[in-house]
Amino acid sequence: MNGEAVASDWSGSRRTLRQFLARLTFVDVALWSLRILVLAVVIGGTIGTLIKTRYGLAQWFDFIMFGVTIGSIYAQIALGYTMVYGVLRLINFAHGDIMMTGAFSGYFLATAFDRSGFLAAHPVLAVLGTLLLSITVSTSIAVLAERIAYRPFRHVRGLAPLITAIGVSFFLEQTFRGLFGSSVKSYPDLHWQRAAFVVGGLTIPKIDLLVIGCAVASMLVLYLVIHHTKMGTAIRAVSEDSEAAALMGIDVNRVVVFTFMLGGVMAGIAGVFYAFVFKQVYFYMGFTPGIKAFGAAVLGGIGSVPGAMIGGFFLGIVESVGPSLFFDGIGIPAPYQLRDLIAFTLLIMVLIFRPNGLLGERMAKQRA
Amino acid sequence: MPQLFRRIALPLIASAGLLASAPGGSSGARAETLGPVTDPLGVLKIPKGAPIQIGGYWVISGADAALGTDEVRGVQIAFKDHGDRIAGHPVKLSVEDDGCNAEGGQTAATKIAANPNVVLVIGPACSSAATAGAPILWKQGIMDIATATTAPALTAPTRKPEYDGFVRTIYSDIYQGKSDAGYVYTQLKARKIVTIHDGSAFAQQLAAVMAQNFKDMGGTVLSVEAIQPTDVDMHPLLTRIATEKPDVVYLPIFVAATAQIIRQKKEVSGLESTIFIGSSGVMAPDLISAAGPAVIGFRIGYPDVSPDALGKGYGAFVAKYKDAYGEGPISGYNANAYDAGVLAIMAIEKVAVTAADGTTYIGKQALHDAVYATKFDGLSGPIACDSHGECAQFKPAVYEYTNADPTTFDIGKNPKKVFP
Amino acid sequence: MSGPADPAIATLLHDSEASAHAGPARRVVQTGLVFGVIALYLAMIGLLLMLHGRWIVIGVLSLGQAVLLAIGLGTGIAIAWRGVGEARSALLVQSLLAGALAGGVLALLSVVMAVVDLRGIFIALSRPLANMLGLGLGQPLAPLLLVLAGALLAVLGTLLAWLPRHPRRVLLGALAAVVIAGVFQELIQIMMQAGPAIGVLRDLLYSWDGLTPQGAAIVFVAAALLAAGVATLAARAPPAAALSPRRRKRRQAVLLALVFAALVVLPLIAGSYIGQVMMLVGLYILMGMGLNLEIGLAGLLDLGFVAFFAVGAYTTALLTADSPHALAAYTFLPHLSFWAAMPVAVLMAVIVGVLFGVPVLGVRGDYLAVATMGLGEIVRVIVLSDFAAPLLGGAQGVLQIPRPSLFGHELSGPVQLFYLTLLASTLAAYIAWRLETSRLGRAWMALRDDEDVAQALGISLVRSKLLAYGLGAAFAGLAGSIFATMVASVYPSSFQLLISINVLALIIVGGMGSLPGVIVGAAVLVGLPELLREFGEYRYLFYGAVLILMMRLRPEGLWPSPVRRRELHSDDQAEAAQAVREPALAGQRG
């Protein structure tokens, strides 16, 4: 390419200050109007909603609890995304479907436990058993996907890995549909599931606490693994610079497989908890939460473990509270239909203001 | 950018004059005489031993696959009941996937219409597919008998002549919405409702028709809510609805989202005494397995298909269905599809002329007229088309689920008929 | 699930290099298991039975049986390939054993199905499948026969692989012709209605149900003769590399002209269904060329491309439709014709494209993928919403969009609309080609290769990026405009994320930055699934598998641009260097 020709024609001689200013102004004006619009909706809507006093403290608390619950599931899926991205720079598009494989296989065990009465007699053991199967399946599929589909692209730049990941996603969905059918199946109820603590008029369902606690615990464990084990050090080294890591004698293959295993484990746990809270499993169930979780990972700063966690919670809460808080007040009909609008606007706003996500600084700079 | 303009636009303008118009050449239907039959739209010739080819287009992929598959089976059973033969020829039903959208319906219909031996088409399940597909078929003089497309516009008196070839063995949303509103207002004595739709054309339309009728009766529609069909966390929406304290929530949406809503309503305070009513889209055992015990008490506005009202054969039909496919009906429109199959058989046999050498001739206009003129008592009620293609007669009923075991699904028992 | 076989699949797909030096026993077990598990997989997801329902040759061979035969032959071929240079007798024994193993896996399934009913979990394990695998013989005999057949087929496959190149090609070509003639019999029969002369040929080959045994024999012989002729000719003609650049160029030009002529004529012969499929492919080509400007040239990853398509479609709908949502119904604007609305639609798409570009100007790399996907979803949600329904029709869409008319003649059939699309695509291809070689195009490429360097060279990032979004959007807007008039109605359900993914996939599969690549990619990823419409859901399984295999076998795409090809070549070299380095390191560690 003739760099000089490009340079001389596209800026140099003919670029005047006036043009420069005009261009600057247009983009700035557009961005500022976007900010003002979003702020106006947020502030106007919030004031409007609060004036209406349609929702009391109990309702707001419920909204936040619901948000935190689904957010903790997003967070757990996002952890898998973030791990894999950190090490391979690969958007594992199929990660949501890996969660589906775990949840789906867990379903058969959970219903068997339910029919035999084991679930009622030993709920903890039954849930642990279901978790174990789910984790085994999702981890093996994650590792297999890496081995078969992703490994050949380890050194390929460009979009081929992303397309492969999309292919893996379709393949997993359709395989499970072919094997188990397209009907909606549903997890059995745990008999203590409806139980809740009541504190000062606010209800906190036990299952929500369990899910949230488990997500936080997984994040802590993951954090410890990454920062305080030998393998974790290797993971960080590979994610920093895989060639240099290889020169230092790190077995990159092992690190990558281990990373996918961690992602698979997270997906397996997330799948079972998702299914115990939201019950339904079917072949397509992983797609939407997968995309949301990906958004959450980017929101928090992809590649960062605490970032994925915070991104997940944040996204969950905004999705739950946002429609009522922002849209109710300015009279927009059917606000919950626009839930994804809020989620993605939030994502884009974060990317404009903090292009590297809430907690991701190191990553993105080097990435570009 | 003058340089860009020079490079691109100028040569284009220069060559614009050279562009010739695209060659035309539409075939379409035209008058012809074959054998003993003369018909203004053309005549189909079926040699001895050749099959009568029936086209079909339904959604058999994606999230709504159960809807279309169920109807394909209904038509297959209708043909099987008739010995898989029409007018002395074997029947061949070729089904295409329309993906439940307009472009899918158009492509599927084009594929079917390209086969000049297709006698008649049954399907689809989705109104968007029918809107795009039916005119293509009728352009070739092919009749289309739809099985679950409920959009009022398709059989409105104002419909365009290109829809002349379109009839349906299912009632319009207008009747369903009106009857549901009447039930809620007069039977349940409810005055305040909320509707929920999922952004599908069917649910949005039915919810709107019902709400309009309810308002006209003097009731109040507190709000019109909407969700995405893939949403799983309905708690915030239900919390919001609970603050309005509605008597009834009307949600004519599909299995997955309905199950999430009726499960999660138990976890939201303030909705304990609210009645939830759905529609034909969830008249399926799948709903029971998806919703679990929460399904008990959930009601569905649906035509009256109990043996005493009509369709004496429905029980036997379900038995045949189970025998053939290893499971009970998986969606709500199999009886309508069965009737579409019967309507097709009766109309074809009425106009088919078989010559001495065994060749059968069918006039297209004659078949069109025969479909409109055929009357019989079907599984889903009496079938008789009016001049705008509405063939089903709607007898309203409401059903309520009483058992959480999917194997007990049996329209009339579980869900049990609670009205009339 | 498919536990035991997993490493085996891995080996197959991960190439034979690694296991080329493996012992014969290991090779036999691996190959046999891989092919056995492929057969098992097809059976368990229900595909085998579905294919069994279609004849290739009536009464003789179903598609499902053909797939099983191919798997059997494949076992032997794989053994032959992996054992190149070894003693042939030993290889024959190996393929015998591997084939028996592959057959054994299926035999095991047939035995298991006879003993326990697993249909409660695996819905595809039904009685008809048991009948198919039972070969009409019943339990003790059928599994044995499966093992035996596997062994024999594998030996046959090995022998096939050893055939000299020329006869092998002829044989395979003839077999492929029979399969195509059988599988696409419906389409071919429709095409063969042009005249009485062709009618005679049709009656010779086909009955109402499909290809007759006699027809299959005719097709086989004819195709074999043809293949032999072509092979002889090709052997005589000088190879392309030997030609002077000028003659090569001329040859390319002739080829291009021939392809174009075929495109113009094909729908006229093949009729409206092929016309419709080609038209859909044409729309995706339009979008692909637009996205190619963004990704292929400017390197801006965009997963929200469907937004521009939607803008084009809705603008056309609102300006032309005979519906209460049309602008003419409640504003002073008149009803426009398609020709007047199309430029407006394109312009709107450009404006939205530029506005779309502004917020993501500073976003780079994979973040851009998420940001654009978000923007695309935002557009979809708004179009669908009750909030915007008074303007855009919401879930009910906008109906009654008129067809374009030309000199008083309405372009309503798919074939005529295909010509409109072809015209638009040709125009767009011309523009894309000129853009590619323009200064702006080179600025984009500089941007793609390194933003910072490009900026240092004085390229205005803002301007070039926004132009890339705007011009890319113009193509999608044009496609959307034609789409609206083609379907005559627009519904929000037509503008899913899947379309963005589809467009992205087709330009990657075709070859990034390459115009012919876009066309090939669209034909493979859009045209083929359309022709497989009656397979319903399994289309997406094929789609996923094709994406994975394509990327595995030809990561540079089917028809890469010369620049890309060179780049990937240098990548290969780098990788080779890396490969040399890694074992050395391993040695150090050890």
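Start by selecting helix 11 (residues 334-351) and helix 12 (residues 364-373) of chain B: their axes come within 9 Å and cross at roughly 130 degrees. Helices here (H or I, at least four residues) and strands (E, at least two) are DSSP runs, numbered from the N terminus. The axes are lines fitted to C-alpha atoms, for helices over the stretch in contact, and angles run from 0 to 180 degrees between N-to-C directions.

Before moving on, please note that this is a predicted model, in which local features need pLDDT of at least 70 and side-chain atom pairs count only at pLDDT 80 or more, while totals for chains, interfaces and linings use all residues. Residues are numbered from 1 along each chain as its sequence is written, and chains are lettered from A and ligands numbered from 1 in the order in which they are written.

**The helix pair in chain B**

How are helix 11 and helix 12 of chain B oriented to each other? They are oblique, given that angles under 35 degrees count as roughly parallel, over 145 as roughly antiparallel, 65 to 115 as roughly perpendicular and the rest as oblique.

Now show the side chains. From helix 11 of chain B, pick B:Leu343, B:Ala347, B:Ile348, B:Lys350 and B:Val351, which meet B:Ala366, B:Leu367, B:Ala370 and B:Val371 of helix 12 of chain B. Two residues are in contact if their C-beta atoms, placed from the backbone, lie within 7 Å. The residues of this helix contact divide into eight nonpolar, no polar and one charged. In this scheme Ala, Val, Leu, Ile, Met, Phe, Trp, Tyr, Cys and Pro count as nonpolar, Asp, Glu, Lys and Arg as charged, and the others, Gly among them, as polar.

**Zoom out to the domains of chain B**

Colour chain B by domain: domain 1 is 32-172 + 313-394, and domain 2 is 174-304 + 397-419. Such bounds come from an automatic or database domain assignment. The centres of domain 1 and domain 2 of chain B, taken over C-alpha atoms, are separated by 31 Å. Where the two meet, 18 residues of domain 1 of chain B are in contact with 16 residues of domain 2 of chain B. On the domain 1 side, the residues divide into nine nonpolar, nine polar and no charged.

- Select B:Lys92 in strand 6 (residues 89-97) of chain B. B:Lys92 is partly exposed, with 18 other C-beta atoms within 10 Å; a residue is buried if 20 or more other C-beta atoms lie within 10 Å of its own, exposed if 12 or fewer, and partly exposed in between, with C-beta atoms placed from the backbone. Not counting residues up to four places away in sequence, B:Lys92 touches B:Pro51, B:Gln53 and B:Ile54.
- The peptide bond joining B:Gly123 and B:Pro124 is cis, with omega about 0 degrees.
- Then pick B:Lys189, in the loop between helix 5 (173-187) and strand 10 (192-197) of chain B. B:Lys189 is not a glycine, yet its phi is positive, about 55 degrees. Is B:Lys189 buried or exposed? B:Lys189 is exposed, with 8 other C-beta atoms within 10 Å.

**Across to chain C**

Show chain B and chain C together: the contact takes 45 residues from chain C and 40 residues from chain B. On the chain C side, helix 13 (272-297), helix 19 (414-437) and helix 20 each supply at least two residues, and helix 19 of chain C gives the largest share, seven residues.

Turn to chain A, where 62 residues are in contact with 68 residues of chain C. Helix 17 of chain C gives the largest share of the chain C side, twelve residues. That side divides into 43 nonpolar, eleven polar and 14 charged residues.

**Last picks**

Select C:Ala454 in helix 21 (residues 451-456) of chain C. C:Ala454 is buried, with 25 C-beta neighbours inside 10 Å. Finish at C:Ala488, in the loop between helix 22 and helix 23 of chain C. Phi of C:Ala488 is positive, near 70 degrees, and C:Ala488 is buried, with 21 other C-beta atoms within 10 Å.
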